[in-house]
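User: I would like to learn how to read backbone features and strand pairing in a model of this kind. Could you take me through them one at a time?

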Amino acid sequence: MLMEGSIIARAASDAQDRLLEADEPLAGLQERCGGQLPGTIAVPELLELVRKARRYGFRLARAVTAHDGGEVVTAWVEVEPQELGDGCQIVVRNWQTAPAPVEDTASAERRRTMIDRHVAELSAQLDPEQRVLSVTSEGAELVAVTEAMQTGFGRHWTEFLAPEKMTQQQPLHWRLLDGARVVVPGSRRSWKVALIPHMRPGFDPAGFELLLVSDTPSTGTVLAHEPIEPLLRRSLVGHDLAPVLRQPLSRIIANAETIRTRLAGPLPDAYAEYAGEIAGAGKLLLGLLEDLADLEVVETEGFSTAPDRVDLSELARQAAGILNVRAQEKGIVIEAPHPAEALPAVAEYRRVMQILLNLIGNAIRYSPENSQIWLRLEALGDRARIIVADQGPGLSLEEQGKIFDKFERLGRSGDGGSGLGLYISRSLARAMGGDLAVESAPGQGARFILDVPADAES
(Lines give C-alpha, C1' and ligand atoms only; values in the text may rest on other atoms or scores of the structure.)
Protein backbone atom coordinates (compact mmCIF):
# COMPACT_ATOMS: atom_id res chain seq x y z
CA MET A 1 0.00 0.00 0.00
CA LEU A 2 1.07 3.58 -0.57
CA MET A 3 2.11 5.55 2.47
CA GLU A 4 -0.31 8.00 3.95
CA GLY A 5 0.79 11.58 4.61
CA SER A 6 0.82 14.97 2.95
CA ILE A 7 -0.41 13.95 -0.48
CA ILE A 8 -0.32 16.67 -3.11
CA ALA A 9 -2.05 14.77 -5.89
CA ARG A 10 -3.26 11.32 -6.93
CA ALA A 11 -3.43 9.75 -10.38
CA ALA A 12 -4.07 6.43 -12.10
CA SER A 13 -2.60 4.84 -15.22
CA ASP A 14 -3.66 1.84 -17.30
CA ALA A 15 -1.81 -1.13 -18.79
CA GLN A 16 -0.70 1.01 -21.78
CA ASP A 17 0.85 3.62 -19.44
CA ARG A 18 -1.84 6.17 -20.25
CA LEU A 19 -2.77 8.64 -17.54
CA LEU A 20 -6.48 8.01 -16.99
CA GLU A 21 -7.12 10.59 -14.29
CA ALA A 22 -5.03 12.99 -12.24
CA ASP A 23 -5.47 15.70 -9.62
CA GLU A 24 -3.98 19.12 -9.95
CA PRO A 25 -1.20 20.13 -10.24
CA LEU A 26 -0.22 16.88 -12.01
CA ALA A 27 -3.09 17.17 -14.49
CA GLY A 28 -1.93 20.64 -15.53
CA LEU A 29 1.69 19.47 -15.91
CA GLN A 30 0.52 16.63 -18.17
CA GLU A 31 -1.18 19.14 -20.48
CA ARG A 32 1.65 21.69 -20.42
CA CYS A 33 4.06 18.92 -21.46
CA GLY A 34 1.94 18.23 -24.54
CA GLY A 35 -0.21 15.39 -23.19
CA GLN A 36 -3.93 14.86 -22.68
CA LEU A 37 -6.25 13.33 -20.10
CA PRO A 38 -6.72 10.50 -20.74
CA GLY A 39 -3.52 10.04 -22.73
CA THR A 40 0.02 8.67 -22.68
CA ILE A 41 2.05 10.10 -19.80
CA ALA A 42 3.82 13.15 -21.23
CA VAL A 43 6.45 13.62 -18.49
CA PRO A 44 9.42 11.45 -19.59
CA GLU A 45 10.75 10.63 -16.10
CA LEU A 46 7.28 9.84 -14.76
CA LEU A 47 6.55 7.63 -17.77
CA GLU A 48 9.78 5.69 -17.21
CA LEU A 49 8.99 5.24 -13.50
CA VAL A 50 5.45 3.98 -14.22
CA ARG A 51 6.69 1.60 -16.92
CA LYS A 52 9.26 0.05 -14.61
CA ALA A 53 6.81 -0.34 -11.72
CA ARG A 54 4.20 -2.01 -13.97
CA ARG A 55 6.70 -4.20 -15.81
CA TYR A 56 8.48 -5.55 -12.73
CA GLY A 57 5.52 -5.51 -10.32
CA PHE A 58 7.39 -3.49 -7.67
CA ARG A 59 6.43 -0.34 -5.83
CA LEU A 60 8.87 2.41 -6.83
CA ALA A 61 9.43 5.92 -5.52
CA ARG A 62 11.84 8.69 -6.46
CA ALA A 63 12.12 12.35 -7.39
CA VAL A 64 10.87 13.24 -10.86
CA THR A 65 11.89 16.38 -12.77
CA ALA A 66 9.97 17.95 -15.64
CA HIS A 67 10.29 21.06 -17.80
CA ASP A 68 6.91 22.50 -18.75
CA GLY A 69 8.26 25.28 -20.96
CA GLY A 70 8.24 27.97 -18.29
CA GLU A 71 9.25 26.28 -15.06
CA VAL A 72 11.26 23.32 -13.82
CA VAL A 73 9.06 21.10 -11.64
CA THR A 74 10.51 18.64 -9.11
CA ALA A 75 8.16 16.22 -7.34
CA TRP A 76 8.44 13.13 -5.13
CA VAL A 77 6.39 10.40 -6.78
CA GLU A 78 5.35 6.98 -5.52
CA VAL A 79 4.03 4.39 -7.99
CA GLU A 80 2.29 1.14 -6.97
CA PRO A 81 1.39 -1.41 -9.67
CA GLN A 82 -2.04 -2.99 -9.58
CA GLU A 83 -2.75 -6.70 -9.86
CA LEU A 84 -2.66 -8.46 -13.24
CA GLY A 85 -0.74 -5.60 -14.84
CA ASP A 86 -3.83 -3.40 -15.01
CA GLY A 87 -1.94 -0.17 -14.42
CA CYS A 88 -0.63 1.83 -11.50
CA GLN A 89 -1.73 4.10 -8.68
CA ILE A 90 0.36 7.28 -8.53
CA VAL A 91 0.83 9.55 -5.52
CA VAL A 92 2.67 12.88 -5.48
CA ARG A 93 3.94 13.92 -2.02
CA ASN A 94 6.09 16.94 -2.71
CA TRP A 95 5.98 19.62 -5.43
CA GLN A 96 8.51 22.35 -6.05
CA THR A 97 8.84 24.76 -8.95
CA ALA A 98 11.65 27.03 -10.06
CA PRO A 99 12.03 29.35 -13.03
CA ALA A 100 13.49 27.58 -16.04
CA PRO A 101 17.10 28.63 -16.66
CA VAL A 102 17.51 30.96 -19.60
CA GLU A 103 19.24 29.11 -22.41
CA ASP A 104 22.26 30.98 -23.74
CA THR A 105 22.81 31.49 -27.44
CA ALA A 106 25.44 28.75 -27.71
CA SER A 107 23.19 26.18 -26.00
CA ALA A 108 20.26 27.14 -28.21
CA GLU A 109 22.44 26.74 -31.29
CA ARG A 110 23.62 23.31 -30.14
CA ARG A 111 20.01 22.27 -29.54
CA ARG A 112 19.00 23.45 -33.02
CA THR A 113 21.89 21.54 -34.55
CA MET A 114 20.95 18.34 -32.74
CA ILE A 115 17.33 18.65 -33.88
CA ASP A 116 18.40 19.30 -37.49
CA ARG A 117 20.69 16.26 -37.44
CA HIS A 118 17.87 14.14 -36.08
CA VAL A 119 15.35 15.07 -38.78
CA ALA A 120 17.71 15.63 -41.74
CA GLU A 121 17.03 13.39 -44.74
CA LEU A 122 20.32 14.24 -46.49
CA SER A 123 23.70 15.17 -45.07
CA ALA A 124 26.89 16.18 -46.86
CA GLN A 125 30.42 17.20 -45.96
CA LEU A 126 31.69 20.37 -47.64
CA ASP A 127 35.14 21.92 -47.95
CA PRO A 128 35.88 25.52 -46.88
CA GLU A 129 34.58 26.77 -50.27
CA GLN A 130 31.32 24.81 -49.76
CA ARG A 131 32.21 22.20 -52.38
CA VAL A 132 30.82 18.70 -51.92
CA LEU A 133 33.15 16.07 -50.42
CA SER A 134 30.68 13.33 -49.49
CA VAL A 135 26.91 12.83 -49.26
CA THR A 136 24.44 10.35 -47.77
CA SER A 137 20.64 10.38 -47.85
CA GLU A 138 17.50 8.34 -47.39
CA GLY A 139 14.15 8.27 -49.16
CA ALA A 140 13.09 7.88 -52.76
CA GLU A 141 12.65 11.63 -53.30
CA LEU A 142 16.34 12.30 -52.79
CA VAL A 143 17.82 9.54 -54.94
CA ALA A 144 18.34 11.75 -57.99
CA VAL A 145 19.92 14.70 -56.17
CA THR A 146 22.11 12.35 -54.11
CA GLU A 147 23.42 10.59 -57.20
CA ALA A 148 24.07 13.95 -58.86
CA MET A 149 26.06 15.13 -55.83
CA GLN A 150 28.00 11.85 -55.65
CA THR A 151 29.11 12.23 -59.25
CA GLY A 152 29.83 15.92 -58.76
CA PHE A 153 32.30 15.89 -55.86
CA GLY A 154 34.30 19.11 -55.85
CA ARG A 155 31.42 21.28 -57.12
CA HIS A 156 29.52 23.86 -55.05
CA TRP A 157 26.46 22.38 -53.33
CA THR A 158 24.15 25.09 -54.71
CA GLU A 159 24.60 23.56 -58.17
CA PHE A 160 22.48 20.65 -56.90
CA LEU A 161 20.23 22.39 -54.36
CA ALA A 162 19.37 25.80 -55.78
CA PRO A 163 18.41 28.39 -53.13
CA GLU A 164 14.96 29.91 -53.62
CA LYS A 165 14.56 33.66 -54.22
CA MET A 166 18.31 34.31 -54.38
CA THR A 167 19.65 36.08 -57.41
CA GLN A 168 23.12 36.89 -56.07
CA GLN A 169 26.03 35.19 -57.77
CA GLN A 170 27.30 32.10 -55.97
CA PRO A 171 29.11 31.29 -53.81
CA LEU A 172 27.61 33.43 -51.03
CA HIS A 173 28.96 33.65 -47.51
CA TRP A 174 27.86 30.56 -45.61
CA ARG A 175 25.91 32.60 -43.02
CA LEU A 176 23.66 33.92 -45.79
CA LEU A 177 22.94 30.37 -46.93
CA ASP A 178 22.39 28.81 -43.51
CA GLY A 179 18.64 28.23 -43.20
CA ALA A 180 17.96 29.07 -46.86
CA ARG A 181 15.02 27.48 -48.64
CA VAL A 182 16.16 25.28 -51.51
CA VAL A 183 14.62 23.49 -54.48
CA VAL A 184 14.97 19.70 -54.54
CA PRO A 185 14.42 18.47 -58.11
CA GLY A 186 11.55 16.01 -58.30
CA SER A 187 10.15 16.81 -54.84
CA ARG A 188 7.02 18.80 -54.02
CA ARG A 189 7.92 19.18 -50.37
CA SER A 190 9.37 22.35 -48.83
CA TRP A 191 13.07 22.09 -47.96
CA LYS A 192 15.74 24.13 -46.21
CA VAL A 193 19.44 23.64 -45.53
CA ALA A 194 21.45 24.03 -42.35
CA LEU A 195 25.17 24.71 -42.63
CA ILE A 196 27.25 23.73 -39.60
CA PRO A 197 30.82 25.04 -39.76
CA HIS A 198 33.84 23.02 -38.64
CA MET A 199 35.43 25.86 -36.66
CA ARG A 200 39.00 26.29 -35.58
CA PRO A 201 39.71 29.03 -33.01
CA GLY A 202 41.13 32.07 -34.78
CA PHE A 203 40.54 30.69 -38.30
CA ASP A 204 37.83 30.63 -40.91
CA PRO A 205 35.74 27.42 -41.09
CA ALA A 206 37.77 24.40 -42.22
CA GLY A 207 34.67 22.93 -43.84
CA PHE A 208 30.95 22.44 -43.29
CA GLU A 209 28.31 19.85 -42.57
CA LEU A 210 25.23 20.40 -44.74
CA LEU A 211 21.85 19.09 -43.56
CA LEU A 212 18.73 19.01 -45.75
CA VAL A 213 15.53 19.30 -43.71
CA SER A 214 11.88 19.35 -44.79
CA ASP A 215 9.00 21.09 -43.01
CA THR A 216 6.56 18.47 -44.24
CA PRO A 217 6.72 14.75 -43.40
CA SER A 218 7.75 12.17 -45.94
CA THR A 219 5.03 10.18 -47.64
CA GLY A 220 6.92 7.08 -46.59
CA THR A 221 7.60 6.01 -50.17
CA VAL A 222 10.10 3.20 -50.24
CA LEU A 223 12.55 2.51 -52.99
CA ALA A 224 11.47 -0.37 -55.17
CA HIS A 225 13.70 -3.41 -55.04
CA GLU A 226 16.00 -3.71 -58.00
CA PRO A 227 15.58 -6.81 -60.15
CA ILE A 228 17.62 -9.73 -58.96
CA GLU A 229 20.83 -9.87 -60.90
CA PRO A 230 22.41 -13.07 -62.20
CA LEU A 231 24.06 -15.35 -59.66
CA LEU A 232 27.43 -14.22 -60.95
CA ARG A 233 27.04 -11.09 -58.84
CA ARG A 234 29.07 -11.67 -55.68
CA SER A 235 28.04 -8.60 -53.68
CA LEU A 236 25.81 -9.10 -50.67
CA VAL A 237 26.49 -6.25 -48.24
CA GLY A 238 27.06 -3.42 -50.71
CA HIS A 239 24.09 -4.14 -52.96
CA ASP A 240 21.66 -5.84 -50.60
CA LEU A 241 22.30 -5.19 -46.91
CA ALA A 242 23.90 -1.74 -46.81
CA PRO A 243 20.97 0.17 -48.39
CA VAL A 244 18.47 -1.66 -46.17
CA LEU A 245 20.35 -1.34 -42.87
CA ARG A 246 21.89 2.12 -43.25
CA GLN A 247 18.63 4.02 -42.66
CA PRO A 248 17.41 2.16 -39.52
CA LEU A 249 20.89 2.28 -37.99
CA SER A 250 21.08 6.01 -38.65
CA ARG A 251 17.67 6.46 -37.01
CA ILE A 252 18.72 4.45 -33.96
CA ILE A 253 21.81 6.63 -33.59
CA ALA A 254 19.83 9.86 -34.05
CA ASN A 255 17.14 8.83 -31.54
CA ALA A 256 19.71 7.73 -28.99
CA GLU A 257 21.58 11.03 -29.37
CA THR A 258 18.29 12.89 -28.89
CA ILE A 259 17.74 11.05 -25.61
CA ARG A 260 21.38 11.41 -24.53
CA THR A 261 21.31 15.19 -25.01
CA ARG A 262 17.91 15.39 -23.23
CA LEU A 263 16.14 16.99 -26.19
CA ALA A 264 13.11 14.83 -25.40
CA GLY A 265 12.99 16.10 -21.81
CA PRO A 266 14.91 15.83 -18.54
CA LEU A 267 16.43 12.43 -17.71
CA PRO A 268 18.64 11.10 -14.92
CA ASP A 269 22.33 10.90 -15.78
CA ALA A 270 22.23 7.08 -15.80
CA TYR A 271 19.60 7.00 -18.56
CA ALA A 272 21.51 9.56 -20.60
CA GLU A 273 24.59 7.35 -20.29
CA TYR A 274 22.61 4.31 -21.48
CA ALA A 275 21.47 6.29 -24.51
CA GLY A 276 25.08 7.28 -25.18
CA GLU A 277 26.07 3.59 -25.15
CA ILE A 278 23.27 2.79 -27.61
CA ALA A 279 24.42 5.60 -29.92
CA GLY A 280 28.01 4.39 -29.69
CA ALA A 281 27.05 0.81 -30.51
CA GLY A 282 24.96 2.04 -33.44
CA LYS A 283 27.90 4.01 -34.80
CA LEU A 284 30.14 0.94 -34.54
CA LEU A 285 27.61 -1.15 -36.46
CA LEU A 286 27.20 1.54 -39.11
CA GLY A 287 30.97 1.83 -39.48
CA LEU A 288 31.31 -1.94 -39.82
CA LEU A 289 28.56 -1.97 -42.45
CA GLU A 290 30.33 0.71 -44.48
CA ASP A 291 33.66 -1.13 -44.15
CA LEU A 292 32.14 -4.40 -45.35
CA ALA A 293 30.51 -2.64 -48.31
CA ASP A 294 33.86 -1.03 -49.22
CA LEU A 295 35.57 -4.41 -48.82
CA GLU A 296 33.28 -5.90 -51.46
CA VAL A 297 34.04 -3.01 -53.80
CA VAL A 298 37.83 -3.23 -53.60
CA GLU A 299 37.80 -7.04 -53.93
CA THR A 300 35.56 -7.02 -56.99
CA GLU A 301 37.38 -8.32 -60.05
CA GLY A 302 38.30 -5.45 -62.34
CA PHE A 303 37.83 -2.75 -59.68
CA SER A 304 39.40 0.55 -60.73
CA THR A 305 39.29 4.16 -59.67
CA ALA A 306 38.50 7.33 -61.63
CA PRO A 307 41.75 9.34 -61.72
CA ASP A 308 41.56 13.10 -61.65
CA ARG A 309 43.93 15.99 -61.03
CA VAL A 310 43.91 16.80 -57.33
CA ASP A 311 45.93 18.85 -54.87
CA LEU A 312 47.05 16.68 -51.94
CA SER A 313 47.66 19.78 -49.85
CA GLU A 314 44.06 20.92 -50.21
CA LEU A 315 42.72 17.41 -49.55
CA ALA A 316 44.82 17.17 -46.37
CA ARG A 317 43.44 20.48 -45.07
CA GLN A 318 39.88 19.40 -45.84
CA ALA A 319 40.28 16.05 -44.08
CA ALA A 320 41.86 17.76 -41.06
CA GLY A 321 38.95 20.22 -40.93
CA ILE A 322 36.37 17.44 -40.97
CA LEU A 323 38.04 15.60 -38.05
CA ASN A 324 39.16 18.67 -36.11
CA VAL A 325 36.21 18.58 -33.69
CA ARG A 326 36.90 14.94 -32.78
CA ALA A 327 40.57 15.79 -32.24
CA GLN A 328 39.73 18.75 -30.01
CA GLU A 329 37.72 16.45 -27.71
CA LYS A 330 41.07 14.83 -26.79
CA GLY A 331 43.03 18.07 -26.88
CA ILE A 332 44.85 16.89 -30.01
CA VAL A 333 46.15 19.46 -32.49
CA ILE A 334 46.18 18.51 -36.18
CA GLU A 335 48.89 20.41 -38.04
CA ALA A 336 47.80 20.49 -41.70
CA PRO A 337 49.81 21.83 -44.67
CA HIS A 338 49.90 25.60 -45.04
CA PRO A 339 47.41 27.06 -47.58
CA ALA A 340 50.36 28.29 -49.63
CA GLU A 341 51.61 24.70 -50.13
CA ALA A 342 50.49 22.65 -53.13
CA LEU A 343 51.23 19.12 -54.31
CA PRO A 344 49.49 18.19 -57.60
CA ALA A 345 48.70 14.51 -58.11
CA VAL A 346 46.67 12.19 -60.32
CA ALA A 347 44.21 10.22 -58.15
CA GLU A 348 40.51 9.88 -57.42
CA TYR A 349 39.40 12.77 -55.21
CA ARG A 350 36.86 10.72 -53.20
CA ARG A 351 39.20 7.78 -52.59
CA VAL A 352 42.12 9.92 -51.42
CA MET A 353 39.75 11.67 -49.00
CA GLN A 354 38.52 8.28 -47.76
CA ILE A 355 42.09 7.13 -47.08
CA LEU A 356 43.06 10.37 -45.31
CA LEU A 357 39.96 10.30 -43.09
CA ASN A 358 40.82 6.75 -42.08
CA LEU A 359 44.47 7.53 -41.36
CA ILE A 360 43.75 10.71 -39.40
CA GLY A 361 40.84 9.03 -37.58
CA ASN A 362 43.14 6.18 -36.49
CA ALA A 363 45.76 8.67 -35.36
CA ILE A 364 43.19 10.46 -33.20
CA ARG A 365 41.92 7.17 -31.76
CA TYR A 366 45.33 5.86 -30.71
CA SER A 367 47.16 9.08 -29.84
CA PRO A 368 47.36 10.29 -26.23
CA GLU A 369 45.47 13.36 -25.10
CA ASN A 370 47.05 16.78 -25.70
CA SER A 371 49.35 15.45 -28.41
CA GLN A 372 49.88 16.42 -32.06
CA ILE A 373 49.23 14.92 -35.47
CA TRP A 374 51.22 16.17 -38.47
CA LEU A 375 50.23 16.06 -42.14
CA ARG A 376 53.33 16.48 -44.31
CA LEU A 377 53.81 16.62 -48.09
CA GLU A 378 56.70 15.28 -50.19
CA ALA A 379 57.38 15.34 -53.95
CA LEU A 380 59.64 12.47 -55.05
CA GLY A 381 60.13 12.45 -58.81
CA ASP A 382 57.03 10.99 -60.38
CA ARG A 383 55.41 10.34 -56.98
CA ALA A 384 53.39 12.66 -54.74
CA ARG A 385 53.39 11.70 -51.09
CA ILE A 386 51.40 12.68 -48.00
CA ILE A 387 52.48 11.55 -44.53
CA VAL A 388 50.24 11.27 -41.45
CA ALA A 389 52.43 11.18 -38.33
CA ASP A 390 51.27 10.86 -34.72
CA GLN A 391 52.65 10.60 -31.16
CA GLY A 392 50.90 7.33 -30.37
CA PRO A 393 52.39 4.15 -28.88
CA GLY A 394 54.06 3.13 -32.13
CA LEU A 395 54.34 -0.29 -33.76
CA SER A 396 56.89 -3.09 -33.57
CA LEU A 397 58.34 -4.62 -36.74
CA GLU A 398 56.04 -7.62 -36.30
CA GLU A 399 52.98 -5.35 -35.97
CA GLN A 400 54.01 -3.33 -39.03
CA GLY A 401 54.08 -6.55 -41.02
CA LYS A 402 50.48 -7.39 -40.08
CA ILE A 403 48.74 -4.04 -39.78
CA PHE A 404 47.47 -3.97 -43.39
CA ASP A 405 46.05 -7.51 -43.19
CA LYS A 406 42.31 -8.01 -43.46
CA PHE A 407 40.52 -7.93 -40.06
CA GLU A 408 43.84 -7.31 -38.27
CA ARG A 409 43.40 -5.33 -35.03
CA LEU A 410 46.76 -6.18 -33.37
CA GLY A 411 45.03 -7.67 -30.34
CA ARG A 412 43.04 -4.54 -29.57
CA SER A 413 39.48 -5.00 -28.30
CA GLY A 414 36.75 -2.48 -27.62
CA ASP A 415 38.38 0.26 -29.68
CA GLY A 416 35.59 0.39 -32.24
CA GLY A 417 37.72 -0.77 -35.16
CA SER A 418 36.71 -3.42 -37.66
CA GLY A 419 40.24 -4.33 -38.76
CA LEU A 420 39.34 -3.41 -42.35
CA GLY A 421 40.15 0.30 -42.63
CA LEU A 422 43.86 0.00 -43.41
CA TYR A 423 43.37 -3.05 -45.66
CA ILE A 424 40.78 -1.10 -47.69
CA SER A 425 42.95 2.03 -47.71
CA ARG A 426 45.99 0.19 -49.07
CA SER A 427 43.79 -1.54 -51.70
CA LEU A 428 42.45 1.85 -52.80
CA ALA A 429 45.94 3.37 -52.92
CA ARG A 430 47.22 0.52 -55.11
CA ALA A 431 44.16 0.77 -57.37
CA MET A 432 45.17 4.40 -58.00
CA GLY A 433 48.69 3.34 -58.98
CA GLY A 434 50.16 4.19 -55.59
CA ASP A 435 50.73 2.52 -52.24
CA LEU A 436 50.29 2.91 -48.50
CA ALA A 437 53.10 2.07 -46.07
CA VAL A 438 54.00 2.57 -42.42
CA GLU A 439 57.18 3.52 -40.54
CA SER A 440 57.25 3.22 -36.78
CA ALA A 441 58.96 2.03 -33.62
CA PRO A 442 57.51 1.22 -30.19
CA GLY A 443 57.04 4.38 -28.15
CA GLN A 444 57.87 6.68 -31.08
CA GLY A 445 54.53 7.13 -32.84
CA ALA A 446 53.75 6.06 -36.38
CA ARG A 447 54.10 7.56 -39.88
CA PHE A 448 51.62 6.36 -42.48
CA ILE A 449 52.78 7.23 -45.99
CA LEU A 450 50.36 7.50 -48.89
CA ASP A 451 51.92 7.97 -52.31
CA VAL A 452 50.14 8.36 -55.63
CA PRO A 453 51.29 9.39 -59.12
CA ALA A 454 52.39 13.02 -59.36
CA ASP A 455 50.71 15.30 -61.87
CA ALA A 456 53.55 15.89 -64.35
CA GLU A 457 51.51 18.43 -66.36
CA SER A 458 51.03 20.87 -63.46
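User: Where is Pro38 found, and what kind of peptide bond joins Leu37 and Pro38?

Analyst: Most peptide bonds are trans. In this predicted model, Pro38 lies in the loop between α1 and β3, and the bond that joins Leu37 to Pro38 is cis, with omega about -5°. The peptide bond from Glu24 to Pro25 is also cis, with omega near 10°, and Pro25 sits in the loop between β2 and α1.

User: Is Glu24 buried or exposed, and which residues gather in the patch of negative charge on the surface?

Analyst: Residues over 50% relative accessible area are called exposed, so Glu24, at 54%, counts as exposed. On the surface, Glu24 gathers with Glu21, Asp23 and Glu31 in a patch of negative charge.

User: How should I read phi, and which value does Gln130 have?

Analyst: Most residues other than glycine have a negative phi. Gln130 has a positive phi, near 65°, in the loop between β7 and β8, and Gln130 counts as buried because its relative accessibility is 4%. Asn370 also has a positive phi, near 60°, in the loop between α9 and β16, but with 63% relative accessibility Asn370 counts as exposed.

User: What is the order of the six strands in the open sheet?

Analyst: The order is β3-β2-β1-β6-β5-β4, with antiparallel pairing. Strands β3 and β4 stand at the edges with a single partner strand each, so one side of each is left without a neighbour in the sheet. Further in, β1 and β6 pair in the antiparallel sense over five bridges, and Arg10 stands opposite Val91 in β6.

Methods. Residues are numbered from 1 along each chain as its sequence is written. This is a predicted model: local features need pLDDT of at least 70, side-chain atom pairs count only at pLDDT 80 or more; totals for chains, interfaces and linings use all residues. Side-chain values use heavy atoms; hydrogens and water are left out. Patches are made of residues with over 30% relative accessible area and no salt bridge: like charges are joined within 9 Å, nonpolar side chains (Val, Leu, Ile, Met, Phe, Trp, Tyr) within 5 Å. Accessible areas come from the Shrake-Rupley method with a 1.4 Å probe; for residues, only the protein chains shown count as cover. A salt bridge is a side-chain nitrogen of Lys or Arg within 4 Å of a carboxyl oxygen of Asp or Glu. Lys and Arg count as positive and Asp and Glu as negative; His and the chain ends are not counted. The place of a charge is taken as NZ of Lys, CZ of Arg, CG of Asp or CD of Glu. Buried means under 20% relative accessible area, exposed over 50%, partly exposed in between (1.4 Å probe, protein chains only). Two strands pair if DSSP finds at least two bridges between them. Helices (H or I, at least four residues) and strands (E, at least two) are DSSP runs, numbered from the N terminus.
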